[in-house]
Amino acid sequence: MPKVIVVTSGKGGVGKTTTSASFSSGLALRGNKTVVIDFDVGLRNLDLIMGCERRVVYDIINVINGEVTLKQALIKDKQCDNLYVLPASQTRDKDALSLEGVGRIIDELKETFDCIVCDSPAGIEHGAFSAMYYADEALIVTNPEVSSVRDSDRILGILAAKSKRATEGAEPVKEHLLVTRYDPKRVAAGEMLSVDDIQEILRIPLIGVIPESESVLQASNSGTPAIHLEKSDVAESYRDVVARFMGEDVPMRFTTAEKVGLLKRIFGGR
Amino acid sequence: MPKRTANPAPSREEPAFKIKNANLPVLILHLKTADTARVKAQLETRLQQMPDFFAHAPVVLGLADLPTDAEPDFPDLLDFMRSHHMQAAGVIGGSAAQQFAATQAGLGVIPEIPARPTASPEPEPPVESVVEPQPDPGPVQPELPGLEVETEPAEAAPTLTSRPTMVIDKPVRTGQRIYAEGANLVVLAIVNAGAELIADGDIHIYAPLRGRALAGARGNTAARIYVQSMEAELVAIAGYFQVFDEGIPDALRGKFCQIRLESEKVVTQAMNSAR
């Protein structure tokens, strides 16, 4: 049964597109036929992070308007055989992203793909709503700070009330909390919310914690999803997330400030 | 949304009394004839069937069904009622002359209920209001000619919680608003900051309340809020609200609290120290 997974957060800059790129790559590396769709019409970024921006000819709006077929618009990822990218339009209006048109595309993709990852734009407006509407599962990307948690809470409320599953009274969208840009040192110093603090507010299951790392920026700039980085805690934590998503029981890393405080005592800081 | 009125400054002098609005159940004895002899005879029969039916309960005499020129003999009727443990509290309806005659006999005049007294969402200031009759699911009476005992229709007091309690068992999140119209509200999951609970009746939250809770939204000043862990941004009863700009006092934060209205002031009380 193909799965539609939305990567969303409400707030911008928390790591949705980074997560979409790494998560979809991770799913593909594990043999799932995966497509990742950029819903950020007007501000497309996913193709840059996936390193396929020079191969974008057609986009999701062309497909919705029936100007090209899905096959023409899908771009094959250069790292993974099983991964395709459906880019957003840089020039079109976001209102062109009709709910009905998106539904048609998702139905067609379900015929070929196992996992359909929807990279949501920031905010709670049309683009974000189209990205989440058809979701079966949701990765809620949250930074350890109050405003990000608040926005994630808002998004969870919308998912629970307005998604297709909610409006049709089907089983609710399965929610996963993904904490990104987590700095255990700053959590220990009381400068950041801990994972426990975040979970206390959002009360959804934790799928992973991605540590704050400079390598994410380097990966973005070089057009390589962070999961492909060698010897990187970010890559490892994204692989853990994918493994947990596939149902494996992988112990959580970087979850509590206390744990890191202990490590810090032993190794004398990072 | 109820109008938000800030708590007035407390008066300097210790009050010796307070006036409160209340909706109390009361029976209305609608007179269909001014012939008190007939009324007394039929009442006598009725009271023999159920001698304790009135049992010192206040009764209002309804005059609306009387011919406007008819004038019942109030003192005679009152004597009869007193001797049968019926307390006539006043009259409602009828002509000015009939109402005057009633006041001469020592009865109060209860103003007629407007068609929809609180249809406006703006709650009236709950001061110096007159006690109004209120629906009461009283026993159904067998029909007797010339006399009718009935209760007022439910629409007379829409501040009542006439609908089944609304129960929410999932987290109430930022930006969500739950409105229990004409009902009490029970929430079993967390209410996060930026979420809003509104009920015309009481609100019970068996989880932390971090957002807002507004009870008695249509002006029911007797409404209360019970919260298992008090962390609210704002609480309100009947339009009177309290914010916690400076944070919640240590004595209340995270505690099981009761919130109610007392002399137009929202009072938040930790339940362990309440009694």
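1. Over all chains, the structure holds four aromatic pairs. Phe113(A) has a relative accessible area of 4% and is buried. The model is a predicted one, and everything in this note should be read on that basis.

2. Phe129(A) and Tyr133(A) form a pair that is tilted, because the planes stand at 55 degrees, with the ring centres 5.7 Å apart. Both residues are in helix H6 (residues 126–133) of chain A, four residues apart, which puts about one helical turn between them.

3. Strand E6 (residues 137–142) of chain A pairs with E7(A) in the parallel sense, over six bridges. Within E7(A), Val179(A) is the residue opposite Thr142(A). E7(A) also runs parallel to strand E8 (residues 206–211) of chain A, and four bridges join these two. Here Leu178(A) has Gly208(A), in E8(A), as its bridge partner.

4. In chain B, five strands make an open sheet with mixed pairing, in the order E9-E11-E13-E15-E16. The edges are taken by strand E9 (177–180) and strand E16 (240–243); each has a single partner strand, so one side of each has no neighbour in the sheet. Averaged over the sheet and with direction ignored, neighbouring strands are turned by 10 degrees against each other. Strand E15 (residues 234–237) of chain B pairs with E16(B) in the antiparallel sense over four bridges. Val235(B) has Gln242(B), in E16(B), as its bridge partner.

5. On the surface, Val167(B), Leu188(B) and Tyr206(B) form a nonpolar patch, and together they have about 280 Å² of accessible area. Of these residues, Val167(B) is in strand E8 (residues 166–168) of chain B.

6. Phe80(B) is located in helix H2 (residues 74–83) of chain B. Its relative accessibility is 10%, and Phe80(B) therefore counts as buried. The C-alpha atom of Phe80(B) is 9.6 Å from that of Leu43(B), a residue 37 positions away along the chain.

7. Over all chains there are 25 salt bridges. One of them is between Arg44(A) and Asp47(A), with the closest N and O atoms 2.7 Å apart. Arg44(A) is buried, at 18% relative accessible area, and Asp47(A) counts as buried too, at 2% relative accessibility.

8. Another salt bridge in chain A is between the side chains of Arg253(A) and Asp240(A), at 2.9 Å from N to O. The pair links distant parts of the chain, 13 residues apart: Asp240(A) is in helix H12 (233–245), and Arg253(A) is in the loop between helix H12 and helix H13 (257–267) of chain A. Arg253(A) counts as partly exposed at 35% relative accessibility, whereas Asp240(A) counts as buried at 9%.

9. In chain B, Glu181(B) and Arg218(B) form a salt bridge whose closest N and O atoms are 2.8 Å apart. Glu181(B) lies in the loop between E9 and strand E10 (185–187), and Arg218(B) in the loop between strand E13 (212–215) and strand E14 (225–230) of chain B, so this pair ties together parts 37 residues apart in sequence. Glu181(B) is partly exposed, with 34% relative accessible area, and Arg218(B) is partly exposed, with 22%.

10. A last point concerns residues of both letters. Glu200(A), Arg203(A), Arg210(B) and Glu231(B) are linked in a network of salt bridges.

Technical notes:
Residues numbered from 1 in each chain as written. Chains lettered and ligands numbered in written order. Predicted model: local features only at pLDDT ≥ 70, side-chain atom pairs only at ≥ 80, totals over all residues. Heavy atoms only, no water. Phe/Tyr/Trp six-rings, centres within 6.5 Å; stacked < 30°, edge-to-face > 60°. Buried < 20%, exposed > 50% of the residue type's maximum accessible area, 1.4 Å probe, protein only. Patch = residues over 30% accessible without salt bridge, like charges linked within 9 Å, V, L, I, M, F, W, Y side chains within 5 Å. Areas by Shrake-Rupley, 256 points an atom, 1.4 Å probe, with all protein chains shown as cover. Salt bridge = Lys/Arg side-chain N within 4 Å of Asp/Glu carboxyl O. Pairing = 2+ DSSP bridges. Axes fitted to C-alpha atoms, helices over the stretch in contact; angles between N-to-C directions.
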